[in-house]
Every structure is written in structure tokens, then in C-alpha cells.
Amino acid sequence: MQDRRRNALVLLLVLGLILGSLAVIATKKTRLGLDLKGGVQLVYEAKPTAQAKVDTESLNRAIDIMRKRVDQLGVAQPEIQRSGEKEIDVALPDVSSVARAESEVGRTAQLYFYDWEPNVIGSNGQPAATEPTVTGGANAGSSQFGVPEYQAIQRAAKRAPILRGNDTTWTAGCTPAQVNNCLYGSWYLLDTKHEKVLCPGNKNTCPAAETEANLYADNYKPPAGAVVQPVRVNPGTVLVRSRPVESTSGKVTNRSPNSFYVLNDNPVLEGKDITHPQQGFQEGSGGNGLPDVNFGFTSHGKTVFEKVTREIAHRGQESRFPGTSKEASLQHFAVALDGELITAPSIDYTKYPEGIDATNGSEITGGFTITSAQELAEELQSGALPVKLALISRSQVSATLGKQALNQGLVAGLAGFLVVCLFLLVFYRVLGAIAVGGLVIYGIYFFALIKLIPITMTLPGIAGLILTIGVAADANIVIFERVKEEIRAGRSVISGIVTGYKRGFQAIVDANVVTFMTAFILFALATAEVKGFAFTLGIGTLASLFTAVLATQAALGTMGRSRVVSHPAALGAGRERRGWRFDFMGASKWFFSLSGTILLIGALAIGGKGLNLGIDFKGGTRIKAAFERSVTETQIAETLSAAGDHNAQIQKITDSSIGGAGWQITTKKLGPKAAAAEEQALNRGFTIKKAPSGTPYYSSTSVGATFGKTIANSAVVAIIASLLVISAYIALRFQWKYAIPVLIALMHDLLITAGVYSLTGREVTSATVAALLTILGYSLYDTIIVFDRVRENVPRMPRAAFSQIVNRSMSEVLTRSLATSFCTLLPVLALLLFGGETLKDFAFALMIGIASGAYSSIFIASPVLTHWKEREAGYRQRHARIVREHGFVPPYATTSSGAPEDVEPERKRKRTRRGSLIAPEERGQQISRDEFQELVRDLDVDGDKGTAAEGGGQAAPTRGRGRAGVAEREQEPAPEPEQQPEAERDPTADLTPEDLVLKETPKRPQKRRRQSARRKHGRSR
């Protein structure tokens, strides 16, 4: 009943999680990556300067500013994260203009200081320094006195160009024609009918564009009914958003109000002129202890700041009229970061009549809390951040290519799932049906986790998901094979299920732990592209462990007494056909020779041809494009040569992602910066073709040499770290001698995979590295299954040579080892057949590695372990004894009849307070209730039916494979049993149960004190 109650609770938990998962799936959106959705990916490397070094703090500040810029671009679900030690990865879905993304995201934060009143423009297009309704008066820069963005743009657009040396919206020498996209003013897109500013993503406000073309970037289409008018604000005039709206308690209630001021573009200081901004307190004489922000200046900044504050103080003194308060005449010094006012503090002319001495820096005061002062200091630090960001990688994926890749990934995943289910149903029948149900539950859980966390799905992530289908099925296969083995050995169906899960659980945990550790290392050390694969593999491994062990066990245990699984044949555990009898260890020299030959060929290929390393490792650019008119290879080469690329590899391709026929251009000398110029040259020369949706048939990937080296170094570190961690785990779980064969087998698999890549000339990419690391984890799956059985058989075969133990173990697990490998190869084969180009490259490496891993687990790791262990003194003595008695070492330890013979290792029995064992040795022996219930479970009888009386019923003997079921009583030592003649047996055979367990002792009369003791418990004789 306890097992039934436990199974019911587990199934209720599974059902509850299914309902919760379905709710998550229905309500949450799936986040798609660039390779599935289309967009731009930029990777920047932070480089130190004389003012600052690259560290965690500076990188985090840069990421915060870049995230604000991306928000201004109107990008939905952007991802900005650290990648490696000093790289920043920026993923911008649905962005088609790489140039615009680079210019917005990569530039340094713009921090400017303005003398406020003389530069605020009124409704007449002229400065209105004395109009408080324009400047804000004592509340300078507040949203109360600003105007909506639409009105501010119209006011600014009326002003003529003013070209100064410090303009922020004009590049020296640029004209209104904006040749080569130089900077001349700022552009806005207005809807004059509804008097609103049109922004991508339907945002209320958006930053200005550098060119008119950028107003329509990323295929932006104005809403229906809008009267569209592009408007340029000429150089010399800018818009700044008013200060954030604050409550009376100082809490920010609206950080981005639709309230703007029009200013003369005449900043007096820039962010590069200040140093070390930090939050402090107003201390010293006249201080009140309230929070403020203080900072220092460069030598140039110090001079300018003192000059400007002196002018502001003098202007404040001159503007104070009799009868007016001091606050009404104070003038202000405004600070703007990326077009938004941070603060507009006043200069107190009574305190600083000649301006502020900047020798010890300056401070900004005005109603700060500690938190708001810290935020302002951080923003000032970010604006003045001297870290240089260098673009080292850029990739652009068209939305058409992303949609096609998504469809291919879904088809591959569905095909992999169906073939795995079909295999399980054919091979395991009822058990297979339960496993398929477990896979369905696993799929629901996994998809819900992807949406809940959330995980950004990428092509490598889909590959990881499909691979985990095979891993989840493998866990069921290992347990089901053990269940079948127990039933064939004589156990009932129920007992076989319980024992099979119990004995197979440890092997499953070991294998999944190794896979999870590999995924964790890959996630920690790999590039951002591969992190998606590693994360899905790790999460999938944990989810599969739950569904394969708990869910299926509860379902099978619940069905254990039903007619569906009442017969062993329904579980595929009918009469066992002749098992494997091959001498695996005897043929090890042939396996070593075969592997040596393959490795030699691979080594020669690597030494001669080398590996075809892709641009991920060497750097370079790959472009896929289709053009409006027919072009030749020569024409493309001439166009690229004129753009500075003289060594491009050009080939004609047919790819549906670019609308059919097109061209692939690869060069290993062109970096990310030059790639943009090449795209412009191709568009000017041939005009890139566009899809009906307006998306250009163009995709590109560009990797700098520095980033390529980073990827290569990360790959090497990840592989070494994986080998060390795996070795340590194997040494802890088994013995340290077991770890060496594992390492040899893993290196064997990696070298064979590398050799095949060299022979076939396939390109090695970052996805290949992910596949290799997966091979490390999965190759161990089969090896652990074999070693776990060897560890189990060692105490059961105390007279056998180690080669006989390994042969026996191999014969017992070979079927499940082949089944697990085949089951994992099925979804990988689906990837290879139905996946896109990236998935096919990934699947090819996995297919080679998994096949090699299955081979090495059986024919490399086990023989190496055998040759090493047989050098131990104990196994040398066994080997010598067997050779002395038999003349040679037979492959298997058998009895004279040829059947394998072993002894079940002694198990710890549960004892009662009287010390008796669960199974009574003598007829009529009294047992307790707990002992009786334990005995019933051993007999597979439902305890509620009470087929035996608790008190006087005769207990039946236990059943088991090779177990004696008897034990020495504690009252008196048993007399020496009579010697019986032994049947002739094979001297190499294992000990029989009679060799290890004492013979049954004659029944002795019970003592009276025992009888009286029993009567105290109320039990009848």
C-alpha cells in the first residue's frame, strides 16, 4: 500500500506540473534568437585607455548605457550581455540596418553641460533667457514648462543652420546633401494630420535619426491614415527631454515624460572633461548632510567650468530686481546625458559671487536621496567612461532566412521525436508506450521551462533540444533493459519493475550528472551562440531525469497489477534468446589495431590537409546575397576589388533563404568594419534583391581576428576543463584506475572526429566545438553503463579473472548500449536530413562522435581497463590459478553445464529489535508485523489481502537469483553439516551459493524462555 500511495502522489504531482506547464505555454511568448527571427548581432571588445582599465565595473556601466541606446532604437526584446572576459554581445532582433545599429549602439555616451538660460529657445525661434515660462525659472528643466515633442520639433525646424566648432549634430565639412551619410542636423518623421511623432515600435517618443533614409530603417511603415512629413532640424539646434518627474517625496514617477526643450547646440563642457563622479554628502561649513554628487575636472574642464560659473553668477546678480526673491534670479547650469536632462542646478551668486573654484572639483545638489544621487553619479561615470569599444564581430540574418531556419528546426525536431517514439514502441511494447508518454510529458515540461525562464531559442538551442530527446529516451532504455533482465531471471513482473528501477537508477544518475557537468562547462566558457545549446542541454537533462525515473516508474508501478503488464512478454521480457558470447577482451588486440589504423589515417590527414577552420576561428566575412539583375563571378570580383577586397572566394549557390539562386562571398582578410563598405559596394553595383515583404535577400557574418582567437582559446579551455572534471567524477564514483580508460576513450573519439573533418574537408565552426563537447559527455554515457555493470559483477564473481568479469558485463549490457546509441542517433539523423546548413554541420559532428563513442566504450575503454586491472596482485593470482588448473583462461566463467554462474553479493537485511532476519529460517518461527509486511513485499503479495495470518501462519521462503535465503541463528552455533560429495565443476567457475553461505542447520528444540517471550506479544504457537 505504501508503494501505491507513493505512485499516486507522484502521478498527481506529474499531472499538476503538466497543467501548470500548459498554462505557461499558453500565456508566455517564445523568445526567438536572431538566427530564427532575423536581425543584427554585434560583438564589441572593451579596450583600456590611459584613464581607465577594463574591469567588471566599467563593462557593466557600458552595458547599461548601451541598453538605453537600444531602447531608443525601438528594438523589441534586445539582448546585451558580457561574452568572455572583455567582450560585450549585442543581439538586436528585427533590425535590418547594420550601419545604423553600429552607429547607435557602439558610440560613447554623450554627456554635455549647458549654460541654461541663454540657450533655451522660445516660440519665436530665439533665446528667451528672461522668460520663466520658457526656461522653467526656479524649476529650470522641469516637465511642467517643456512642450510636447511634436511642438518642439516644429519650433526647432524653423531655425536656420548655425555652424560652430562644438556642434553635436554636424560633422565639419558636411553639406545638406549628406554625402556618405555625414552628419548634418537631425531628422524626425511627423504625422501632421494627428500631430504626433512617428516612431518604430509605436513608442511615444524616439531619438532623432542621422539621415532621412534612417527614418524608414528596419522596414518601418507609417500607420494607415497618417500624413507623413520628414523634418530636419538644422545644425546648431537640438532637443533635450525635460528632467524626470518626481513626487513630493523625491521618488521618480515618470523617467521619460513627453516634455522637451529646444536649445542652442552650444555645450560648454563634455563628459570627457570631468573625472571621478561619486555620491557624497553636503558637509563642511554650511553643509546640511544631505546627499549630493561631487566630481573633479580635467585641466581644460577646470578652466572652462570656473569661467562659465562666474558668468552665470554675475548674470544672476544682475537679474535680481528689487522686491524679487533670490531664488527667482538664480541662473542654472544644466547637464544632459544622451539628449535627456539629468539635472539643472543653480549657481548661488551669494555663495559663489565669482563662480565656483574647481580646484577641488564641484558638486551637484538639489533634493537628492542617497539612491538618486548614486544613480546620477553612475550616469555621469557612464557618460565619461573612457573605455574604448572596438567592433570585433558583426552578423546580419534576414528575416526570411530566420523563418526558414525555424521551420527546418521544427521539422527536424518533430521527425526526431517520431522516430524515437516508433523505436521505443517496436522494441519495448508496453514499456515503450510508457516511455513515449514520458517523452510527451518531458516535451511539455521542457517547452514550459523555455518560456518561463525564459530561454532565447536559437539554432544551437534547437539542436540541444532535439539531442535531449535521445538522452531522455536513453534513460528509459537503460532502466527497461534492467527490468527485462530481472524478470527473465525469475522475478515476478512487480518485483522486476521495482528491482530494475532500483539497480538502474545509479547508472542513470552517473550518466546524466556527467552530461550536465559538460553542459555547465560549455555554458560557462563558450561564446554566446553556443550558450543557448548548453543551456537547453543542461535544462533538458534535468527534466529528462525527472520524467524518466519518477514519472515512468510511478506509471509502471501503478499498472504492475493490471492485466496489461501481467505477462512478461508484454514488456518484451519473454524467453531470452541466446545472448552475446563473444570474447570481447580476447579480441582487444584487433580493436586496438583497427582504432590505431583509423587514428593514423586521421593524423596524416590533419598533418597534411589540416582542419578547415571557419571564420569563427580565423576571422573574416561571409556574405550571402541575391541581386536584382543577373551578374557574373567576374563582375562581383571586380566590384569587391574596387572596394579593397582582392582575395574574395565567390561561388554561386542555391538557397531558399535568399530567394533561390544567389552568391556566397567569403574572405578571411575582411574585418567587421570593412564588411559594411563591401555591402554598400554590392548594393551600389548590383542592387540587392528584396523579398515581397521588403526584407533584403542579404545575410552576413563578420568576425575579427581577435574574436576568432578568443573563440579558439575558449574551445581549448572548455575541452580541457571537461576532461578534468569528468576524470575527477569517474575517479570518485568508481576508482581512479577507471578514469584513465575513460580519458583514452574520449581522446580517441575527439581525434577520430577531427580526422573525419579533415578527410572530408568540412568547415569547423563554433557549432562544431559545441558538438565535440557534447560528444565528451555522451561518449561517457555508454562507458558508465559498462563500468557500472563491471563494478556490480566484481563481488558476484570472486573466483573469475577480470577479463571474464568484463566479458560477462559486456554481454549483459551490449544490447542496451547499442540501443541507447541507436536511439540517440535517430534524432541526430533527423537533424542531418531536415535541418538547415548550421544544424547539418552540428549533426554531422554529433553523428560521427556518437558512433565513435559507442565503439570506444565497448572496444577501447573496457579492454584498456582490463589490461590495467589484471596487473593487480589479486587478479594476477586468479589468472595464474585458472591457467594452472585449466591450461588457459576461458572467455566466460561457467559451470560444467555451460551456464553462467555467480553469487549474489551479501545484502544487509533489516533487523527487528530481537535481531531476527526478515525471512524466518525455521518452520513456525514467530515474526513481527514489520517483518511480515517486508516478507509480503518480497513475495509480491498485496498485504491487504492477508493471505497469511500474522501470528501462526507459516512464512514462505524468499525467492531470488542464486540466493540461499538462509542465515545463521543467533541462539547457538550450528553444528558442522555433513559433507556431501560435490559434483564435478569447471575450476574457472564462480563460487556457488553453497560455497559462501552456511548450510541449512538442523532444527533445534526451542527453549522455554523463548516461548514465554512470544506469549507476551499475544501470538499463538
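Residues are numbered from 1 along each chain as its sequence is written, and side-chain values use heavy atoms, with hydrogens and water left out. As the model is predicted, local features need pLDDT of at least 70 and side-chain atom pairs count only at pLDDT 80 or more, while totals for chains, interfaces and linings use all residues.

The strands make a handy place to start. Helices (H or I, at least four residues) and strands (E, at least two) are DSSP runs, numbered from the N terminus. Two strands are said to pair if DSSP finds at least two bridges between them. Strand β1 covers residues 39-47 and runs antiparallel to β19, with 9 bridges joining the two. One of the positions in this pairing is Val-40, whose bridge partner in β19 is Gln-396. Strand β19 is also joined to β24 (residues 698-703), again antiparallel, this time by 4 bridges. Here Ser-395 has Thr-701 of β24 as its bridge partner. How much of β19 is buried? Of the 10 residues in this strand (residues 388-397), 8 are buried, so β19 is largely enclosed by the rest of the structure. Buried means under 20% relative accessible area and exposed means over 50%, with partly exposed in between (1.4 Å probe, protein chains only).

Strand β1 has another partner in β3, and these two pair in the antiparallel sense over 7 bridges. Within that pairing, Leu-42 stands opposite Val-90 of β3. Strand β3 itself (residues 87-93) is mostly covered, with 7 of its 7 residues buried. Both of its faces are covered: Glu-87, Asp-89, Ala-91 and Pro-93 are buried on one side, and Ile-88, Val-90 and Leu-92 are buried on the other. Strand β2 (residues 79-82) runs antiparallel to β3 as well, joined to it by 4 bridges. Gln-81 stands opposite Asp-89 in β3. The hairpin of β2 and β3 has 4 residues between the strands, and Gly-84 takes a positive phi near 90° there.

Next come the cysteines. A disulfide is a covalent bond between the sulfur atoms of two cysteines; here, a pair of cysteine sulfur atoms within 2.5 Å counts as one. The structure holds 1 disulfide, and it joins Cys-174 to Cys-182 with an S to S distance of 1.9 Å. The link of Cys-174 and Cys-182 is right-handed, with 65° about the S-S bond, and both cysteines are buried. Cys-823 is in no disulfide. Cys-421 is buried, with a relative accessible area of 7%, and Cys-823 is buried too, at 0% relative accessibility.

Aromatic rings turn up in numbers as well: the structure holds 25 aromatic pairs. Rings of Phe, Tyr and Trp (its six-membered ring) pair if their centres lie within 6.5 Å; planes under 30 degrees apart count as stacked, over 60 as edge-to-face and the rest as tilted. Among the pairs is that of Phe-523 and Phe-535, which is tilted, at 5.5 Å centre to centre and 45° between the planes. Phe-523 lies in helix α14 (residues 493-525) and Phe-535 in helix α15 (residues 528-558), 12 residues apart. Phe-523 is partly exposed at 33% relative accessible area, and Phe-535 is also partly exposed, at 27%. Elsewhere, Phe-113, Phe-295, Phe-297, Phe-305 and Phe-333 form one aromatic cluster.

Some rings meet a charge instead. A charge sits over a ring if NZ of Lys or CZ of Arg is within 6 Å of the ring centre and within 35 degrees of the ring normal. Arg-762 lies over the face of Phe-844, at 4.2 Å from the ring centre. Likewise, the charged end of Arg-791 sits over the ring of Phe-734, 4.3 Å from its centre.

Two more residues round out the picture. His-748 has its place in helix α21 (residues 736-760) and is buried, with a relative accessible area of 5%. Met-797 is found in the loop between α22 (766-793) and α23 (802-834), and this residue is buried, with a relative accessible area of 1%.
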